[in-house]
Amino acid sequence: MELKLERVEQRVGAEVHLYPLDIALVPLAVTVLLGATQAGKTSLMRVMAGLDKPFQGRILADGADVTGMPVRERNVAMVYQQFINYPSMTVAANIASPLRLRGEKGIDERVRALAAKLHIEPFLDRLPAELSGGQQQRVALARALAKDAPLMLLDEPLVNLDYKLREELRDELAQLFAAGRSTVVYATTEPTEALLLGGHTAVLDAGQLLQYGPTAEVFHRPQSIRVARAFSDPPMNLVAGTAAADGVALGDGLTLRRALLAGASSALTVGIRAGALRVRPRDGDVALAGRVELAEISGSDTFVHVDSRIGPLVAQLTGVHTFNLGEPVTLHLDPQHAYVFDQTGALLLAPH
Amino acid sequence: MARIELDLAHAYKPNPRRDEDYALLPLKMTFENGGAYALLGPSGCGKTTLLNIVSGLVRPSQGKVLFDGVDVTARTPQQRNIAQVFQFPVIYDTMTVAENLAFPLRNRGVPADRIASRVGRVAEMLELSGQLDRRAAGLAADAKQKISLGRGLVREDVSAVLFDEPLTVIDPHLKWQLRRKLKQIHHELKLTLIYVTHDQVEALTFAEQVVVMTRGRAVQIGSASDLFERPQHTFVGHFIGSPGMNFLRATVVDREIEVAGRRVAAAGAALFAVDACTLGVRPEYVTLADVGAAGAVPAVVTQAQDIGTYWLVTGRVGAVNGDDGALVRARLAPNQAIPKAGDAVWFGIVGPHTCYYRDEQRIEGAVA
């Protein structure tokens, strides 16, 4: 489905939930809505679904104006954070419900195929309450898929699951979406989840749509500090600097050598993604000495929080590394791997 | 503070016979005096049962619990002198922050001057000094949880402090600061700390030793790097890391280890008498190799994902007629040519970080 929002604005009372925005979802692909809690993801999704009428603006589905058309008249499938199933119906009946509503044929077969896809075939005769959280969410997903709606909206569907289950289910979902049967909208607060899902990403912050484009492109070329902040985990390191003849002066006598465009403002912000900082130096690096505040270990990465000569920095190192609190450490940065933003927060330079 | 020894098993119903009847399978474990431990595993793995047995909330159905060599199996949490911090703040809203922190000490008749100095110290460590005279009622959830942590840490004479997922209510952006606080506090106060969580970041960051649990069994006790570099059990390889370790079926032929029909390594003495094992290699250690390189196997790329700071390339290895083979994931630095879906590549899977397993257990000396 081609879903297009034109100058859509949402208010609840005097409070603005969404500032006027335009977006045309890439049809038959995944669009990730990325943003912190309260960024406007759910408000936007509810407007897209027809659960809420926008305060202003138009919603076009395949060219037809559906603004204000209630959700039951629209063919939309939704999956929520909470695992919502019919508690008194078996798993099979839950999955079959949208098919029965439409009086379709070959229901058993379809249910079995969907259950197999989502690995819940052994539980078809059980009640949802007898299943684990992960299995219950799989049932809800299977029911949404059974609907085979041209528009599928998922609001942080994995947030209430253990991370290993999340990993597994995310992979399966990405494969199902790749089949390209529907236009999918997927809300998440996690930048890594957006990158793993691929597709396109719309970054939201404080009710504003900041940027929409292919996920990797938005990640690598965030148009502003706000986008970079929303799309970095751990947060992008931001260091205040000033324009100098040979690059950006960072304080403490340090200069980041980088060719600036003529006319750049004098006050600048340098953005350094955690993954760009290394403990092993290479030629041409800037050396940033400091002390370890904490090394957080995620399993695949170590996030080292460092109190450095240019302020607090977080470095992401692959694998497990042990650091003592307070230990001296020097981080190294290739100047070409830094972002530079102007005084309004707009992107001037991205890494090469 | 105490050295805590466990030699026990627990079943919630009488006469357990099969493994599934146990919430905790028979285990022997020692928590050293002043150590920082985490119990890590998915929901239902038995970690909370184990914590409740240490605290005395649950009495094990068999075996015993020793504190400094003394059998405390029949004693209550209070008799064991255990302090606990739960998922959600447990504080008195009508009291001030200082009164809340002082409560466990006042309850035990600690002299006022001693209370004042201890409360002051804990408040300083948790950065609550500026709020000591405020009522707890008006504080945000994370400030309240800090008070709960402070109450758990305020007594010097406790046998151990137990934490049950204490950072659940903390905003993600503040979590690292509290993790740091907890680590600093452990260094300063030298209390025995046991921390239950399903979150690997929490466990690996906080603890010196992590107990990884699954289905009622403690499958490995080790440091973060032990669990990453040398998983003793396939579950540890799978559970630690995102994505977890890759596993491939291997056969042993003429003292050579074969994967997908390729001889990848010379077998060590431990494999002379067996004909099969499982090769485990983490995505971080899979490399792109030259065609036919030693220790490499051919693969067909099914997916290449740009995860921002690295690429995650998934390839199918060992697919022959009727056999789907296995998927192998490689985490590749972006400073090299990244293959795309459909490409034929060779994955280097044998190196110093490759592990070998049989019946889910790691084999020492699997390679020559």
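**Exercise 1. The two chains**

Find how many residues of chain B are in contact with chain A, and which elements of chain B supply them.

*Solution.* Start with the contact rule: two residues are in contact if their C-beta atoms, placed from the backbone, lie within 7 Å. By this rule, 27 residues of chain B touch 26 residues of chain A. This is a predicted model, in which local features need pLDDT of at least 70 and side-chain atom pairs count only at pLDDT 80 or more, while totals for chains, interfaces and linings use all residues. Residues are numbered from 1 along each chain as its sequence is written, and chains are lettered from A and ligands numbered from 1 in the order in which they are written.

Next, look at the elements; helices (H or I, at least four residues) and strands (E, at least two) are DSSP runs, numbered from the N terminus. On the side of chain B that touches chain A, at least two residues each come from α6 (172-189), α7 (200-206), α8 (224-229) and β16 (296-306) of chain B. The most come from α6(B), with 6 residues.

Finally, sort that side of chain B by class: 10 residues are nonpolar, 12 polar and 5 charged. Here Ala, Val, Leu, Ile, Met, Phe, Trp, Tyr, Cys and Pro count as nonpolar, Asp, Glu, Lys and Arg as charged, and the others, Gly among them, as polar.

**Exercise 2. A sheet in chain B**

Work out the strand order of the open sheet of 5 strands in chain B, and name its edge strands.

*Solution.* Two strands pair if DSSP finds at least two bridges between them. The order is β15-β19-β16-β17-β18 (chain B), with antiparallel pairing. At the edges are β15 (287-289) and β18 (326-332) of chain B, each pairing on one side only.

Now zoom in on one pair. β16(B) and β19 (residues 344-348) of chain B run antiparallel over 5 bridges. Among the partners, B:Val297 bridges to B:Phe347 in β19(B).

**Exercise 3. One helix, two neighbours**

Decide how α3(B) is oriented against α4(B) and against α5(B).

*Solution.* Take α4(B) to begin with. The axes of α3 (residues 97-107) and α4 (residues 112-125) of chain B come within 10 Å and cross at roughly 130°; axes are lines fitted to C-alpha atoms, for helices over the stretch in contact, and angles run from 0 to 180 degrees between N-to-C directions. Angles under 35 degrees count as roughly parallel, over 145 as roughly antiparallel, 65 to 115 as roughly perpendicular and the rest as oblique. α3(B) and α4(B) are therefore oblique. Their contact includes B:Leu101 and B:Leu105 of α3(B) and B:Val119 and B:Val122 of α4(B). By class, this contact has 8 nonpolar, no polar and 2 charged residues.

Then turn to α5 (residues 141-153) of chain B, which packs against α3(B) at about 30°, with the axes 7 Å apart. So α3(B) and α5(B) are roughly parallel. In this contact, B:Val97, B:Asn100, B:Leu101, B:Phe103 and B:Pro104 of α3(B) meet B:Ile147, B:Gly150 and B:Arg151 of α5(B). These residues divide into 5 nonpolar, 2 polar and 1 charged.

**Exercise 4. Backbone details**

*Solution.* A:Pro234 sits in the loop between α8 (225-230) and β11 (237-244) of chain A. B:Pro243 lies in the loop between α9 (234-239) and β11 (246-253) of chain B.
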